[in-house]
Amino acid sequence: MTKQAQPHMLLRTYPGWFYLPAALVFGVFFLVPTALAFYFSLTRWTLFDATFIGLDNYTDFVGDSQLVSGLRNTIIYAIITSGLKVVISLPLAMLLTSSIRLKALFRSIIFFPVLVSTVAVGITFATLLRPSTGLINTVLGSIGLQPPDWLGNPNLALYSVALVDVWKGVGIAMVIFIAGILSIPPDYFEAARLEGGTWVKFRHVILPLSRNATFTVILLSFIGGLRTFDLIWTMTHGGPGFASDVLTSVIFKQYQAGFYGLSTAGNVVLFILVTIIVYPLMRFFNRLELEL
Amino acid sequence: MSKRTSLLLALVILMLPLLAACGAASAPTSVSPAATTTTAAAPAAATTAAAPTTATTSGGAAVTLTYLADDSQNTQDTTKALAAAYMAQHPNVTINVEARPGGTEGDNIVKTRLATGEMTDIFFYNSGSLLQALHPTDTLVDLSKEPFIANIVDTFLPTVSQNGQIFGVPTGTALGGGILYNKKIYQQLGLSVPKTWAEFEANNEKIKAAGIAPVIATYGGTDTWTSQLFVLADYYNVQKANPTFAADYTANKVKYATNPAAIAGFNYLQEGNQKGWYQKDYATTTFEQGLQLLADGKGAHYPMLSFALSTIATNSPAAVNDIGFFGVPGTDAATSGATIWMPAATYIPKTSKHIAEAKDFLAFIASVAGADTITAKVPPGGPYLIKGAKLPDTVLPGVKDIAAYIDSGKSGPALEFLSPVKGPTLEQLCVAVGSGQMTPQQAAENYDKDVEKAAKQLGLPGW
């Protein structure tokens with residue numbers, strides 16, 4: 001009983017109004033703007049005035065032909081990036097937790113892109129991927145391949161950006177996996193070593209026991225993929241035409257055009273959409289969470 | 001993780017997108033050229049002969065005027081030269097030019113400063129449809145009773161007016177919108193300037209056969225605005241076919257998708273794609289690369305605004321005299337002409353603390369001396385809209401071509417100077433048609449929807 005009471009007593013010695021500063025900051029900079037956003041999404045907002053127009057912005061936004069392709073692209077992008085990040089970073093994490101030389105160096109190299117600003121990555125890759133003068137196509141051309149126009153081909157642009165996103169994000173996924181693998185009790189590895197080789201270790205120890213890490217990676221990169229903006233904007237501006245437009249870039253273009261109410265409505269739609277997709281996923285993963 | 005905390009975490013994570021789209025990003029993707037680069041070393045003699053000033057402020061108390069202008073080299077040179085020349089004549093007045101970003105980001109800065117009452121004493125901004133979005137009758141000082149308005153060429157005034165009031169004076173030159181072409185290629189292949197679209201097609205076939213890209217398209221990076229010229233610069237032909245187009249368009253009575261003359265520009269974009277007129281890698285070529293292709297003779301035509309001539313003068317001074325200009329050809333040789341872009345203007349917000357002094361400075365801008373001051377610093381990309389202001393004899397050949405259209409009365413302003421309505425996604429739609437992802441019909445229909453949104457935003461009647 002005393003063990004339980006101790007921290008409880010400690011908590012009580014701090015009065016409730018200690019919450020106030022944090023609540024104030026949270027309220028002013030977070031709750032109020034969010035509530036205002038919901039209100040302004042119902043207006044025609046020109047900065048000089050805002051006229052209440054009911055749900056017109058929502059019907060406009062939903063009736064927008066760009067929205068459909070934007071939505072499709074967003075989901076494709078989120079699935080590709082989160083899927084590839086798991087598939088690539090799990091084996092990497094396994095490799096870099098085993099006893100190999102230069103382990104720390106390789107970990108740093110793979111983690112490095114995470115530290116670079118996304119905008120810088122976008123601009124750099126846009127240059128590297130130029131069709132005839134870019135480094136990547138020059139190299140591919142010199143070994144006799146017929147390289148595509150990565151960002152200029154409307155059928156390819158979205159996937160090219162997704163691959164760059166994977167390159168940039170694989171480091172953070174790998175770190176999460178490394179943490180997951182290192183938290184597996186060594187007894188299991190011992191047993192796997194007696195049972196068989198690397199495959200057994202991977203299939204029957206690491207894969208099932210790093211499930212929490214896998215869920216975290218999938219969830220984080222899926223949400224990241226749904227909300228992606230900076231990389232797409234710096235690499236293609238949603239183009240060519242509308243070929244790589246995602247929800248956020250559609251919304252941003254509305255904002256740029258001065259349709260503030262419409263763009264706010266778009267953000268509310270995005271918010272609801274992400275909630276609808278991610279919340280059940282999160283509940284599902286939480287149910288399957290492992291206690292090691 | 002308990003259920004409660006995970007729920008909270010989920011909420012926090014999910015709220016992020018709301019904030020994400022509010023900040024960040026700054027790419028200038030305006031429909032008007034956002035960043036014009038003009039650094040041709042013009043003689044720095046900024047001080048010119050006395051200007052016909054209307055008020056008598058010399059000798060008065062010391063006054064400081066602040067002057068907000070976009071940060072392009074062209075605009076900064078223009079506004080600073082004007083300020084320096086004026087200050088030399090009026091020692092009691094100091095004018096400080098402040099820079100702001102161009103493009104859409106600049107639009108938002110101007111709107112925000114006006115809405116919050118923190119605008120500078122005078123400011124430089126686009127005329128035409130962009131001005132209308134500033135609600136000028138509420139925010140700007142009416143100049144219609146000022147004597148210096150009489151110095152301004154009449155065709156300019158509607159582009160800075162609302163409800164019968166006039167708000168700005170032209171600052172800089174008008175521009176031609178049409179096709180820049182390489183005269184050397186025309187000489188070598190024995191071609192002549194096309195007066196109809198059919199002639200243009202025939203020229204393009206010969207140019208293509210000679211191994212040169214007939215038309216330069218630059219859809220790369222932030223330069224997608226360049227894709228719109230076939231549509232926007234075709235407006236002279238549109239209004240020849242439909243004399244009341246601008247009024248009907250503003251009143252929601254005519255649509256791009258259902259008007260054969262209006263949709264022609266979209267058809268041209270598709271034709272260029274289907275007939276292989278565009279150069280290799282057009283999807284990623286940038287504006288400056290496009291100008292280089294034209295100057296080097298690797299591309300024959302570039303649909304563009306004439307301010308680009310001064311960029312060529314800077315980057316390829318040897319080639320700029322080989323670059324000419326013609327308007328987008330239409331169906332009938334007898335009615336061929338060119339579309340004109342009006343200069344930006346200088347305005348006084350109602351919140352200015354020195355309205356009398358600001359008006360006197362505007363009188364200087366709207367004088368021949370003001371125009372000469374600009375010419376001394378920035379090579380003109382077209383004619384001034386100040387009565388009596390002349391272009392120097394050294395003006396670029398392409399600009400002479402534009403002046404010829406204007407002098408012979410075969411020119412008219414672009415739609416954005418006649419109607420307050422302009423849809424914001426035109427550049428993406430043009431790229432989509434020009435790169436074969438969309439048909440002209442689809443693009444025109446999408447554009448009409450876009451226009452509807454913009455018109456509703458302006459609160460126009462009939463939408």
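Modeller: In this predicted model, B:N252 lies in the loop between helix 10 (245-250) and helix 11 (260-274) of chain B. Phi of B:N252 is near 65°, a positive value in a residue other than glycine.

Colleague: Why is B:N252 called partly exposed?

Modeller: B:N252 has 16 C-beta neighbours inside 10 Å. A buried residue needs 20 or more, and an exposed one has 12 or fewer. The count for B:N252 falls in between, and therefore the residue is partly exposed.

Colleague: Where is B:D281 placed, and what makes B:D281 partly exposed?

Modeller: B:D281 sits in the loop between helix 11 and helix 12 (287-295) of chain B. For B:D281 the count inside 10 Å is 17 C-beta neighbours.

Colleague: How many of the residues in chain B are buried?

Modeller: Of the 463 residues in chain B, 56% are buried. The secondary structure of chain B consists of 18 helices and 13 strands. Among contacts in chain B between residues at least 6 apart in sequence, 80% join residues at least 24 apart.

Colleague: Turning to chain A, why is helix 5 called oblique to helix 8?

Modeller: The axes of helix 5 (residues 103-115) and helix 8 (residues 157-182) of chain A cross at roughly 120° and come within 7 Å. The perpendicular range ends at 115 degrees and antiparallel begins over 145, so helix 5 of chain A is oblique to helix 8 of chain A. The crossing of these two helices is left-handed.

Colleague: Which residues make the contact of these helices?

Modeller: Helix 5 of chain A contributes A:I110, A:F111, A:F112, A:P113 and A:V114. From helix 8 of chain A come A:W167, A:K168, A:V170, A:G171, A:I172, A:M174 and A:V175. By class, the residues of this contact are ten nonpolar, one polar and one charged.

Colleague: What does each chain give to the contact between chain B and chain A?

Modeller: Chain B gives 41 residues and chain A gives 45 residues. On the side of chain B, the elements giving two or more residues are helix 1 (3-20), helix 3 (103-115), helix 17 (426-434) and helix 18 (440-458). Helix 1 of chain B supplies the largest share of that side, nine residues. The side of chain B that touches chain A has 21 nonpolar, 14 polar and six charged residues.

Definitions and conventions. Residues are numbered from 1 along each chain as its sequence is written. Chains are lettered from A and ligands numbered from 1 in the order in which they are written. This is a predicted model: local features need pLDDT of at least 70, side-chain atom pairs count only at pLDDT 80 or more; totals for chains, interfaces and linings use all residues. Axes are lines fitted to C-alpha atoms, for helices over the stretch in contact, and angles run from 0 to 180 degrees between N-to-C directions. Helices (H or I, at least four residues) and strands (E, at least two) are DSSP runs, numbered from the N terminus. Angles under 35 degrees count as roughly parallel, over 145 as roughly antiparallel, 65 to 115 as roughly perpendicular and the rest as oblique. A crossing is left-handed if the near helix is turned anticlockwise from the far one by less than a right angle, and right-handed if clockwise. Two residues are in contact if their C-beta atoms, placed from the backbone, lie within 7 Å. Ala, Val, Leu, Ile, Met, Phe, Trp, Tyr, Cys and Pro count as nonpolar, Asp, Glu, Lys and Arg as charged, and the others, Gly among them, as polar.
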